[in-house]
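User: Could you take a close look at one part of this model with me? I would like to go through a single sheet slowly.

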Amino acid sequence: MPSSLPDIRHSFAHLLAAAIEKMYPGAKNTIGPAIDNGFYYDFEFAPDNKPSEKEFLKIESNMRKLLPHWKGFEKIVATPDEAKAMFANNPYKLELIEGILAKGEEITLYKSGEFVDLCRGGHADPREMPLDGFKLERVAGAYWRGDEKNSMLTRIYGLAFNSKEELDAYQAQIAEAKKRDHKVLGPALDLFTFSDLVGAGLPLWTPKGTIVRNLLDDFVWSLRAKHGYERVEIPHITKKDLYITSGHWDKYQDDLFKIKTREGHEFAMKPMNCPHHTQIYARKQWSYRELPQRYANTTACYRDEQTGELSGLSRTRAFSQDDAHVFCRMTDVKAEFLKIWDVIHEFYPVFGFDLKVRLSRRDPAATDKYLGSAANWDIAENLLREILTEKKVDAIDGPGEAAFYGPKLDFMASDSIGREWQVATIQLDMNMPERFDLTCVNDKGEKERIVMIHAAIMGSLERFLSILIEHTGGNFPLWLAPVQVKVIPVREDHDAHATKAAEVLKMAGIRVDLDLSPAGFGKKIRGAKDMKVPYTIIIGDKDIEAGKVTLESRDKGQIGQMSIEEATKTLLEEASRKIS
RNA sequence: GCCAGAUUAGUUCAGUGGUAGAACACUACUUUCGUAAAGUAGGGACGUGGGUUCGAUUCCCGCCUCUGGCUCCA
């Protein structure tokens with residue numbers, strides 16, 4: 001039976017450790033598992049003798065030299081004392097050995113060539129390890145056992161596949177993804193920028209980028225509006241009192257941007273909108289007849305993220321949420337969830353995302369971690385299950401994935417190059433209403449505790465745009481493109497006709513870019529392609545003679561000659577449809 | 001925050017212990033062009049604060065910013 005890919009990958013980790021042992025005497029090896037695209041191995045090196053990526057070729061060639069001497073992985077069962085003696089000067093392995101003993105399992109060593117490693121097994125036949133199917137990829141820091149209180153080890157990542165062809169294919173795929181990288185494409189398409197003066201994680205939106213943001217936001221709003229949502233607006237800071245009541249002041253202290261007033265009072269930038277929104281609800285006493293109250297608000301939030309974690313638009317310190325909160329009774333929850341469900345399913349497929357759902361519920365083994373009565377949790381989780389049954393959706397079960405304040409439905413989208421992103425989420429919140437004492441008067445005349453539903457569709461506009469840019473490769477559909485059509489005169493003496501044509505398009509509400517620059521024709525065409533403009537209208541002698549223009553599509557190529565009115569109609573018609 | 005790498009013109013990149021070059025972009029002039037970069041000329045940069053040195057963009061240290069990981073992510 002041929003060796004499995006994980007076994008091959010794990011075996012490469014051994015091979016790496018063997019090469020490192022030879023080249024860096026005294027380096028302590030720790031653990032080296034197989035991962036999705038290869039393997040890694042964590043080492044503790046002497047501080048003045050760490051390998052850098054420049055050494056990779058040398059390490060790889062050592063690995064290639066060692067492998068032919070490996071006949072197999074010989075399993076050796078060791079007694080605790082033998083094992084401890086063997087790794088006496090490697091505290092990491094000793095810790096692993098203690099762990100194995102504590103579980104009452106036997107200690108196994110695997111010997112390949114000269115190299116012996118503590119390992120639970122799962123290896124390939126060395127003859128099946130392709131010498132040209134692996135490549136050391138990068139060096140990174142990693143905490144021992146993933147805990148930042150522990151020492152930082154040096155992790156070496158390697159790629160490993162069944163063959164050189166598979167490795168090449170993987171690297172080609174990575175290169176393709178890199179071309180779509182929103183951090184490169186976004187600024188190239190003039191959608192957003194960063195400034196060293198403003199700071200890391202604080203994107204600035206250009207006119208073009210702002211058009212796209214607003215179009216997306218309007219789209220979500222148009223879907224929400226029919227479900228009875230109302231717009232609200234809130235300030236971006238608050239007295240700390242709000243977050244003391246909500247619990248954020250204690251729990252998320254480190255993530256809050258704090259402000260001191262000149263009078264010495266402490267304020268904070270809002271890291272989320274729910275506490276503010278509760279206070280809009282709390283402005284008066286509500287009858288159950290007036291519920292649900294549904295507040296929608298696209299607004300910026302601020303979180304003091306660690307600098308190392310900031311990345312393009314995916315993780316920022318300031319981001320805009322298309323946030324909404326529903327204040328309702330438990331008996332309304334199902335209906336409200338269904339409304340949000342519909343909005344999500346009207347929104348994401350428009351961009352060609354496939355959605356998967358996860359039911360994020362309590363960890364049955366630790367129900368005491370969660371806030372609220374077990375009875376309410378049962379009701380809530382069952383409501384979500386009913387929704388899934390009703391929608392005939394095969395949801396992923398997520399025990400332990402619930403927030404501490406309530407269960408949720410999480411939506412995952414697959415993009416055009418097969419990556420999966422967690423996008424929208426519908427969350428039930430039994431905590432906020434408790435903390436802020438939110439109630440309504442029920443039909444018996446009693447005060448009744450309400451619940452809250454968090455209902456962001458895009459979540460963060462920044463993050464959604466980062467996904468959308470990479471998903472589309474910057475080729476936005478016509479309705480969303482910041483420039484919908486570029487008008488190009490062939491020669492300078494066609495400028496007047498081009499200007500007139502652009503005017504017609506503009507009057508019709510089409511976003512036009514008229515290129516009257518002195519550049520040559522070829523260059524203007526190139527500019528349109530570079531900016532991924534969906535349509536180009538060309539005006540030259542042939543067109544003027546015929547009293548027409550030439551329409552071309554980014555996606556469909558040459559469309560043909562037609563009157564400017566006809567072209568306008570064509571564009572308007574397509575732009576009015578979100579799904580082509 | 002931690003580990004590693006990087007930081008040179010608007011952008012993508014060369015290069016050097018004696019203060020720097022290319023391409024594209026920009027400006028001017030020339031060119032008037034039918035499907036992915038016309039020609040000539042010009043302006044424009046060593047992220048920042050220290051240190052070493054006669055002299056630092058180059059070497060050393062701190063910081064900013066970026067990239068890839070780790071940790072975190074209401």
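How many bridges join strand 12 to strand 14, and do the two run parallel or antiparallel?

Analyst: Happy to. This is a predicted model, in which local features need pLDDT of at least 70, side-chain atom pairs count only at pLDDT 80 or more, and totals for chains, interfaces and linings use all residues. Residues are numbered from 1 along each chain as its sequence is written, while chains are lettered from A and ligands numbered from 1 in the order in which they are written.

Three bridges join strand 12 to strand 14 (residues 266-269), and the two run antiparallel. Strands here are DSSP runs of E with at least two residues, numbered from the N terminus, and two of them pair if DSSP finds at least two bridges between them. For one residue in particular, K239 has F267 of strand 14 as its bridge partner.

Stepping back, the pair belongs to an open sheet of three strands in the order 12-14-13, with antiparallel pairing. Strand 12 (237-239) and strand 13 (258-260) are the edge strands, each pairing on one side only. On average, neighbouring strands of this sheet are turned by 35 degrees against each other, direction ignored; the axes are lines fitted to C-alpha atoms, and angles run from 0 to 180 degrees between N-to-C directions. As background, strands of a sheet pair through backbone hydrogen bonds, either parallel or antiparallel.

Conventions. Helices (H or I, at least four residues) and strands (E, at least two) are DSSP runs, numbered from the N terminus.
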